[in-house]
Structure formats: C-alpha cells, structure tokens
Amino acid sequence: MRKKVVYLLFIIFISFYNCSKEINNNQEIPTKSNKIEKYLKIASDKNLSINERKNNLKKAYSIYRTLENNTYKRNKIRKISAIHYELKNYEVSKNMDKEMLQLSILSNDSIGIAKSYLNLGIHYRKKQVLDSAYYFFYNSNKIYATFGNQKKINKVDYIHDHGTVLIDLAKLSRKVKDYNESEALTVKAIEKFELSGNASYIPISYINLGIIAKQLGRFDDAIKYHLETIKHSKGTSKDTLYKVISYNNMGTTYKSQQKYDRAIEYYKKALSYKYFLSTRPKRFARLLDNLGYAKFLYNKKNDSVLYLLKRAYSIRDSIDDIVGISTSNLHLAEYYQSIGNNKLAKQYATKTKDISPLVNENVELLQAYDLLAQVSPPEEGRKYAMEYIKLSNSLTKRDNLFRDKFARIRFESENLEKENQQKKEEIVEIQNQNTIYLLGILLLATFIGFIIYFSRQRTKYLAQQNKIVEFQAAYETETRISKRLHDEIGNDIFQVMMQYQNDPHDPQITKKLNTAYTKARDISRENSEFEVDETYLEELTDMLTNYTKNNIRLVQRGIDKIVWNTMDKNLKITIYRVLQELMTNMQKHSQADLVAIVFKNEKNNLIIKYSDNGVGIQKSAIKSKNGLRNTEKRILAINGTIIFDSEKNKGFKAEIKIPC
C-alpha cells in the first residue's frame, strides 16, 4: 500500500513538472515576440541616432535567430532587412533577404519566395546590375502570376507586391529602350494596383507611361498620361509632389516637340509651388535649369537664360548634386557656344566630360564629346570626335546586349516552366492510367518510360532549334556590323595612324578622319531606331532616298497609296529593315545606276517588287549571302514570302508578299 502511494505521488509530480514546462515554453514565445517588437519599434525611430538604431536591430536579430521557421519569423527578418536598407546598410540587408529566401524555400512559402526575389531585385537594381535585377524581378513575377487561380491564397497578401514587381520590370525594360515591353508591363501593373485597393503606386505608373510615350514620339499620349498622374494623386499626401513632377515632364514633352513656349509655361507651373520647393533644393534647381534651357532654345538672346542656368548651377553646387552639376555644365557650355565664347564653352563641356563617368551619365558624356569636338582646336577636336564614335558604338552595343539578356532570361525561364508543366501532366496521366489498368501495370510502366524519354529528347531538340532560330538573325546582324566597323573604319583609322607617325601635319589626316566619322555615323544610322507612327512614310522614303548618292536613280511607285497608319508596327519595322538590307546590298555589290520599287495592295496582301540593273548574282550564290538570308528570315517571321530572281549581268529582282 505504501509503495502504491509513493508511485502515485511520483506520477503526479512528473505530470505537474511536464505541465509547468509546457506552460513556460508557451509563455516564452509571447515574451520573445514582445521583445523583438520592442527592439524593432526603437530601431524604426528616425529621431534616434544611427548607432542606437543599429544596436536595437542587433538585439532583434539575436532573438529572431532563436525562433522556429514560421510566418512570424519570416516577417521579422523582412522587417529587419528593410530597416537596414533604410540605414543604407545595403550588404547586410541583401544577406538577410537571402536568408529570408532560404527560409521560405524550406517552408514551401510561395509568397515569401516571391517577396524575397523582389527584394533581391531591388538590391541589384540599386547597384545598376541590370541583368541580375531583371532575373530576380522576372522570377518574382512568374511566381505571383501563378496565384491567380489559387483560391487558398488571399489576393490582399500579394497583389500589390505583384504590381510593384511589374513596374520594376517595366522601368528596367525602358532603361534598355525596350519601350513596347515596358508599356505592356506598366499597364499590367496598374491593373494590379487597382485590384489591390492601394493606389499609391498608380501615379508612378502613369509617369512611366508618359516617359515611354514621349520616347516613342506619341506626344499627345504622353501629355494625357501625365495628366492622369495628377488625377490619381489628387487628395493624397503626395499630391503636390506629383503635380510638380508631372508639370516638369509635360514641359519636357513640349520641349521635345520644339513647342518651347508651352514648355516654358509648364516649367513655370511647376515652379509656382514655392513653399514645397523651398525644402527641396535639388528639385528646385532642376526646374530652374529646365526653364532656363527651354528659354535658351526658344530665344538664345533672352536676358534671363544665363541668370536661370547659373542660379541652378549655384544651388546644385551648394548641395553637392553631382548629377545636376553635370547637366548644368552642359547647358552652360551650349549657351556660351551660341554666343561665340568657345573658351568658356570648352571649359564647361570639359567639366561635364570629367563628371559624367562618375555618375554613369553616358548620354551627357556623349553630348559633351560632341560639343568639345566643335569648340576645340582641330587636332584636339578630332580626338573628341573619335571618343564620340567609340562611346556611341559602345552604348548601342550595351543596350542591345541587355535586351538580349532579358530576352534570354524570359526564353529560358518559359522553357523550363513548360518542361516542369509537361512533367506534372505526365505524372498525372501515369497515375490515372495505373488506377484504370491495374492488371497491365508492368507493360504500361515500360511504355510510359519510353514516352517520357522520347518527350524529353524531343523537347530538348525543339528548345535548341528555337534558340538557334531566335538568336541566329541577331548574331548575323551583329557579325555584319562588326565586319563593317573593322573593314570600313578600322583600316581607315590604321592608315591615319601610320600617316600621322610619318607626318603629323599632313592635311589629308583631317579629311580621312572626317571620312571615318561619316562612315561610323552612317553605320549607326542604319541600325538606329525610327518612327513607326504618323511619320513612318516619311522615314521610309528618306531611308530609300539616302541610297541615291553616286548617280544612282530611284523610281518609286505606289508607296503613297499604301495605308501605313493602320498597319501593324511589327510589319512596318520588318518592311523598313528588309528594304534597307536590299538597298545596302545594291549599293555595295550590284554596281547598279537604276533601282525601281513598286508597292501595291492585292487581295489582302501587300506586294513589294524590287529590281535593279546591276551585275546580278548567280541563283546558286543567293543563299550564301548573309544580308539576303536575314531578309528571308524577317519576312518568314511575319508569315510573308520573298522570292529572289537574278542572273549574272542581268540585274537583281525580289518580290515580297505580306498578309495585312
């Protein structure tokens, strides 16, 4: 009996101990939660010193590390990372976002993974590592896009972040001049922001649309979008900010149209918010500079121009606004050049040249080289002209490279997604068949294994072929440009260098350098962007006419009878490039002095007939010509046909047929 009592007391003690331990553990979680929230609240207080805020972040992080991997823990590391980013501890913030990504992957938290990709994209965007930023934003968008059909996931938890990812992708696409892609992404972002009920990013989205429209020459649309920015920011805490930004952008749009009086009107509207601008000297200086420059373009003798430009420069210098100082120097250089003071013009242009590389302002550096080439002595001017050519080619190649990288990220990601989806479908099919055909499981498994192997091999083959087709045309175009730069310019420059070593004062050096400069400019023009809207007919006609030098006569029929305005942009781009390729081929190889191009509509098709009276080419040799292969690929890509007809010494003909 005594033993039983002792045993019973022992059981009660153990039970009481375990209950006490469980209660203590349960109490420990809220205690940690209270502490971490307290430290984060202190770390968020902008009135405290940076060191005090950092110390509280360290304390919060030390508690965070002891928590189990759950939603609360992942939210806290995201908050800690955000405060570090605010304090400009960018590397620490990035490492914590990587930690957040790993925790999200371990817990299969799709929203957490998407948010981590978004945050990592922001870090690389800050560092101007555009391809890495695009990679993370694109993968974040891809995850968010899958949530639309999942009822378990609440839209409120992700839809605004999805809009943020889309607008970041749009800005990156705009930065590398992929304007159509940027516009499409921005429209999608606005849709997400409207669905989220959080309209704070909608004004920014319309600003992006306005900038894109201006770059594409759709000036009326640009003005409309900037007015939408003002409309959507009305009544918000950033109402005045967006009015100032929009009026400035509208002024810039009118300036691009050479409507300088309207540009001046809107810059003045932006400057009318004096109290707002009194605490924002950087923005105030930008508006003063824009107003002064618009007045300069409108009337170079306007007395207020120099005052406005110098006042803007003075403010920027006082706040160490390096980017703004670079712009001010450039505008002052243009002003002094216009009044014949080349000495001061050169002085300010040189400052822009020295500052621009420090702030990655390559466009202004290009303008500075151009201006210095004009105001410097001949020998020095030639040096700057060469720098201009070199930088211009480099920037064009860089933009093309980034566009190709972005396209490759999309292409490879979409292929991987298709492969994963195909594997999932195959697994479901196998499971269904196994359920239905239990008796034939061994035979079925063997058959399915063969199908899986064959499908994978076929998918790899098709993917490889698609990549080859997609990138071959781009590769051949780049190879052709590189060859022209080497053959047409590289040899000229080498000869000039040798001539300079023999006789630095030889007057032929200047002429040869000018010839090389003209060739480089022509190559750049051949591969530059062109308008595809109202002025397309003029652009196309000018391009064809440019090839009529050296006593070449061009006969055009029917070009003005084609309704170009309603035609798809991609068709117009293809027609322009194909005719450009044919004319280039004629100029370089045919020795023709007469070219005829006939345009006509026939049964819902656009027919273009090209012919010249040159030396022609054997039919068997046509396929070996890179340029002609490129034209054929471009026409096939829009479901058209192109037929070449030529014989030696009997001229060259091509007939293009495009459904439209």
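Author: Happy to! The chain has 25 helices and five strands; both are DSSP runs numbered from the N terminus, with helices (H or I) of at least four residues and strands (E) of at least two. This is a predicted model, in which local features need pLDDT of at least 70 and side-chain atom pairs count only at pLDDT 80 or more, while totals for chains, interfaces and linings use all residues. Residues are numbered from 1 along each chain as its sequence is written, and side-chain values use heavy atoms, with hydrogens and water left out.

Now the rings. Rings of Phe, Tyr and Trp (its six-membered ring) pair if their centres lie within 6.5 Å; planes under 30 degrees apart are stacked, over 60 edge-to-face, and the rest tilted. By this rule there are 22 aromatic pairs. One of them joins Tyr124 and Phe136, which are stacked with centres 5.5 Å apart and 10° between the planes. This pair links distant parts of the chain, as Tyr124 belongs to helix H5 (residues 110-126) and Phe136 to helix H6 (residues 130-145), 12 residues apart. Tyr124 counts as buried because its relative accessibility is 17%; buried means under 20% relative accessible area, exposed over 50%, and partly exposed in between (1.4 Å probe, protein chains only). Phe136 is buried as well, at 15%.

Elsewhere, six residues form one aromatic cluster: Tyr293, Phe296, Tyr313, Tyr335, Tyr336 and Tyr348.

Some rings have a charge over them, meaning NZ of Lys or CZ of Arg within 6 Å of the ring centre and within 35 degrees of the ring normal. Arg262 lies over the face of Tyr254, 4.7 Å from the ring centre. Lys572 places its charged end over the ring of Tyr536, 5.4 Å from the centre.

That brings us to helix H23 (residues 569-590). H23 has 22 residues and reaches 30 Å from its first C-alpha to its last, close to the expected 32 Å; the expected span is 1.5 Å times one less than the number of residues. Asp568 caps the N-terminal end of H23, with a side-chain oxygen 2.9 Å from the backbone nitrogen of Asn570. Just after H23, Gln591 has a positive phi of about 60°.

Let's finish with helix H9 (residues 202-215). Its end C-alpha atoms are 20 Å apart, in agreement with the 20 Å that its 14 residues should span. H9 is mostly covered, with 11 of its 14 residues buried. Among the buried residues are Tyr206, Asn208 and Lys214. The buried residues of H9 pack against H7, helix H8 (179-196), helix H10 (219-233) and helix H11 (239-256), where contact means heavy atoms within 4.5 Å. After H9 comes Gly217, with a positive phi near 80°.

Among contacts between residues at least 6 apart in sequence, 60% join residues at least 24 apart.

Methods
Polar contact = N/O pair within 3.5 Å; in protein donor to acceptor, adjacent residues only side chain to side chain.
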